[in-house]
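Have a go at each one before you read its solution.

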Amino acid sequence: MSRHHLTTHSSFLPPAQELEEAYQDAASNLLVAICRHTWRVVAQHLETEVLSGVFPHRSFFYVMGIMASDKNLFKEGEKADWEEQLAKMASKSVPFLNIEGWSKELLEALTKPDQTQQEQPPEKAFLFIYYGLMLQAEENGTAVRTHLKTLLETSHQWPKQREGIALTLGMAAARHLDHVWAVLEQFGKSTRIGWSLNSFSPKVLNSEDLRWKWASSTILLAYGQMADKARAHILPWVDNILSRMIFFFHYSSWVRPPAHPRAHQSGEGAQSYKFLQVSELLECLMLLMEKEPQDTLCTPTRQQTIRIIISLCKLRPPLDLMTKSRLLSVSLRSVMSLPLLEALEEHTCLFLEPPKIQVRAWHLHPFRRGSLGKNVKSCVLLLGWEGAAEAPTSHGRPGLGVFLLTVLSPPVKRG
């Protein structure tokens with residue numbers, strides 16, 4: 001457990017309460033340690049506490065959060081057993097949502113400001129998951145709508161909070177897709193969202209305004225989570241969801257792809273379905289890549305974005321040549337400024353284990369041979385040499401030439 005966990009909740013507390021919090025932190029540390037040897041005993045203890053009818057202390061949710069996120073706590077095959085037990089616990093917790101005190105404490109725990117807004121303690125991150133599992137198990141669709149509306153009425157100021165809210169909505173959508181869709185539609189058309197979409201001056205915003213300024217980002221994330229968590233039966237909804245994602249993407253404060261990493265994976269029937277919004281979604285993804293630093297070949301966002309693009313290119317209808325050209329132009333932009341191969345090798349010789357530049361060149365870019373169809377080769381050559389001609393360095397042309405020859409050649413079979 002990190003020092004952050006021990007100090008986050010003890011700041012500004014009376015001495016007696018601070019001592020109690022320290023005791024609970026130590027107890028949760030002990031439970032995590034026991035998990036490494038016999039997680040089932042710990043899980044049974046946690047279930048007893050969570051299902052007692054009294055809203056559990058945060059330290060119990062901390063342990064559950066570590067169990068949910070740390071794969072090293074389990075032997076092969078045991079993680080699935082824990083997830084199954086967790087789903088059963090959430091199902092048994094559903095009646096607590098109708099108890100005013102329990103439900104109120106849950107919402108307070110979800111909306112309590114974090115010590116640092118860039119990080120979220122494990123117990124809070126887990127609570128969003130557990131809330132989603134509970135709503136997933138809830139039979140009453142009206143109750144699901146009420147809870148989601150209440151959650152969306154909380155602050156959207158901080159990124160981790162927006163991600164947590166979106167995750168809860170996405171998990172609820174796995175079973176209640178129509179209800180989650182209705183709630184998001186109503187929320188997206190509300191006066192507050194309309195205001196946030198047209199407010200561009202943060203200097204004049206008060207604290208109440210800041211709660212709503214980034215609400216459109218929450219909606220964008222929520223649609224992505226819906227597409228991921230409910231992808232087994234998302235196909236009839238996909239064009240409507242994509243149209244909403246595209247709309248809110250252009251109004252949102254985003255730092256990640258508008259589609260969830262797994263949301264684009266082809267499911268049953270996807271190959272024969274004609275997707276109407278793919279070109280518009282690709283434009284959003286290209287815009288996202290253009291915002292990435294051009295002096296860095298590989299960033300997490302660029303990697304994730306290109307993986308999504310490659311999957312989208314496999315869907316119907318096939319992309320036209322101009323769209324393929326633009327995709328390659330945007331994705332190769334950072335490659336254009338690569339120095340000569342000899343210069344790269346000279347710099348990497350300082351490493352203890354210098355990478356083999358020529359061998360790794362094939363893996364520099366995900367748009368490999370065949371990824372975008374038979375017309376890619378001419379597009380790459382055209383775009384590549386044009387880009388090299390415009391490169392600010394005199395060695396742009398030969399450097400790119402080596403790269404293109406590598407990309408356009410099939411991978412070497414080894415062994």
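**Exercise 1: a helix pair**

The axes of helix 3 (residues 58–69) and helix 6 (residues 122–137) come within 7 Å and cross at roughly 75 degrees.

*Solution.* Start with the model itself: it is predicted, local features need pLDDT of at least 70, side-chain atom pairs count only at pLDDT 80 or more, and totals for chains, interfaces and linings use all residues. Residues are numbered from 1 along each chain as its sequence is written, and side-chain values use heavy atoms, with hydrogens and water left out.

Step 1. Helices are DSSP runs (H or I, at least four residues), numbered from the N terminus. Axes are lines fitted to C-alpha atoms over the stretch in contact, and angles run from 0 to 180 degrees between N-to-C directions.

Step 2. Angles of 65 to 115 degrees count as roughly perpendicular, and those under 35 as roughly parallel. Helix 3 and helix 6 are therefore roughly perpendicular.

Step 3. Contact means heavy atoms within 4.5 Å. Residues making it include Phe61 and Ile66 of helix 3, and Phe126 and Leu127 of helix 6.

**Exercise 2: helix 2**

Compare the span of helix 2 (residues 15–50) with that of a straight helix.

Step 1. At Thr38, helix 2 bends by about 130 degrees.

**Exercise 3: a second pair**

How are helix 2 and helix 4 oriented to each other?

*Solution.* Their axes come within 11 Å and cross at roughly 10 degrees. The pair is therefore roughly parallel.

Technical notes. Helix = DSSP H or I, 4+ residues; strand = E, 2+ residues; numbered from the N terminus. Parallel < 35°, antiparallel > 145°, perpendicular 65-115°, else oblique. Expected span 1.5 Å × (residues − 1). Bend = angle between axes of the 7 residues up to and from the residue.
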